[in-house]
Amino acid sequence: MSLESPAPMRLRRATMSAITLLGGVSLAVIPAATVSIASRLFTTAEQGVIAVAVTVATFAGQLAFAVIVESRLSSAGTERRVVFPLWLAAASVVAGVAVVVTGPNVVSLCIGLPVLVAALEVGRGVSVAERLDRREIWASILVGAGALAGVLAGFAGQAWALVPLVAGIVTATIVRCLPVEHRASRPERRVMGWVVADTAITGAVYPLLNSMILAFLGPNEAVLFAAISTVSGLLAIPLNFMRLRLLKEHSGLDIVVSAGAVVAAVAALLVAEWLGVFGFLFGEAWTASATLLPLLVACAWRAASLATTIPFASLRRRGEVRLVTGLRALVSVITFALAGLALLTGSLAAVFAGLLLAELVSAVVYEAARRRRVAAGRAVADAAGAAGTAHAAGTARADAAGPARHVRDEHPEGDAS
């Protein structure tokens, strides 16, 4: 039993949560660093392809996370334990070596990037879910240092700029796959199927959308969409952190910490835009267009996920995987339709506004579903309680009637008297 009082324990837990949350910046900077390095090493047409590859890599990471981590966390009938699989770590090392050996090659980068990002997503997800905070801090430092070194080398025009970026990812992956004491739970097959299905339906929207932007608006707009999505994706760090923790158990403390981090992240992004950091980072794709309005709308879109994540995680914890998949499919259709209609305006700000509106609709849909399920659960519990009370009363009456019947049986003349 710990000798610490509850207040210091909560403070230490909140501090470790905040540090681990900040470590998620290392995951978010990988797409940004990739786009930044590509702007110095590749042609405009190749940059457009890489911008789409970044969204595809994010999608691949989401799928891997769904199969390896989220399906186990959503299997209510198990212990819900997760570990980093060695086969994914090995695949990440092979992909990293291939990217380094081939140099600045658009084909090898587009093929290797999904594997590397998948390893990052799964590794961080395992560390956050299992509270491997110290390990995650070191892994985040390695990823961040590699990304920083790669971006600086890109600024200097060095052809080997991708090497430190990839090296940081591979080294962090090795740290995250070190042995742990527990074993991974076996996910329920039915749960895994529904989780992977809804992740695939939802995640496919953004690669398709960016492909449409590349086809209709050109490579510069595709790169800018990827850049703004990546920058605003910093807000997804606390949101994903909160989602992971809430999938394990509800925590008001983690919600407060995550909401505060979202507000701080928005302020930091606006300051960075005012200082011209993003123009320096992404080059002509950022400076050639008005980016403040699209960035503001994109930040609002990401922040709106706060209202979506809480009821979503609640439904997942209750094991409502089939319901969640149906809702996610509906929401994905709405999202793609609204963003596609906004694309007709030729404005990225309108596209992000469509995504924002879809996120707000999603929040309403998820919360309504959660309330219905809670009300249904209460009704079932009340009915069971009433049945139990009636059964107890019937038992009591039977027990009381038993002696009376016994007396009548012993004294049949009692009725006549």
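**Domains and ground rules.** Domain bounds, I note to begin with, come from an automatic or database domain assignment. With those bounds, I found that the lining of the largest cavity takes at least three residues from each of domain 1 (8–204) and domain 2 (218–392). This is a predicted model, so I kept to pLDDT of at least 70 for local features and 80 or more for side-chain atom pairs, while totals for chains, interfaces and linings use all residues. Residues are numbered from 1 along each chain as its sequence is written, and side-chain values use heavy atoms, with hydrogens and water left out.

**Overall fold.** I counted 18 helices and zero strands. Both are DSSP runs numbered from the N terminus, helices being H or I with at least four residues and strands E with at least two. I then looked up burial: 48% of the 417 residues count as buried. Buried means under 20% relative accessible area, exposed over 50% and partly exposed in between, with a 1.4 Å probe and protein chains only. For contacts (heavy atoms within 4.5 Å), I looked at those with a separation of 6 or more, and 81% of them join residues 24 or more positions apart.

**Empty space.** Rolling a probe the size of a water molecule over the atoms shows where empty space is left. My search ran on a 1 Å grid over the protein atoms alone: a cavity is a set of points where a 1.4 Å probe fits but cannot get out, a pocket is an open set with protein on both sides within 12 Å along at least five of seven lines, and lining residues have an atom within 4 Å of a point. Grid points are joined across faces, edges and corners, and a volume is the space filled by probe spheres set on the points. I found four cavities of 30 Å³ or more. The largest has a volume of about 1400 Å³. It is lined by 50 residues, and T58, Q62, A236, N240 and R302 are the closest to its centre. I sorted that lining into 25 nonpolar, 18 polar and seven charged residues. Here Ala, Val, Leu, Ile, Met, Phe, Trp, Tyr, Cys and Pro are nonpolar, Asp, Glu, Lys and Arg charged, and the others, Gly among them, polar.

The second largest pocket came next, at about 170 Å³. Of its 14 lining residues, V83, F84, L178, P179 and V180 are the closest to the centre. By class I got ten nonpolar, one polar and three charged.

**Aromatic rings.** I paired rings of Phe, Tyr and Trp (its six-membered ring) if their centres lie within 6.5 Å, calling planes under 30 degrees apart stacked, over 60 edge-to-face and the rest tilted. That rule gave me seven aromatic pairs. Y206 and W301 make a tilted one, 5.8 Å centre to centre with 40° between the planes. Y206 sits in helix α9 (residues 205–217) and W301 in helix α15 (residues 292–303), so their pair ties together parts 95 residues apart in sequence. Y206 is partly exposed at 24%, whereas W301 is buried at 5%. I also noted that F282 and W286 are stacked, because their centres are 5.6 Å apart and their planes at 20°. One aromatic cluster consists of Y206, F225, W301 and F352.
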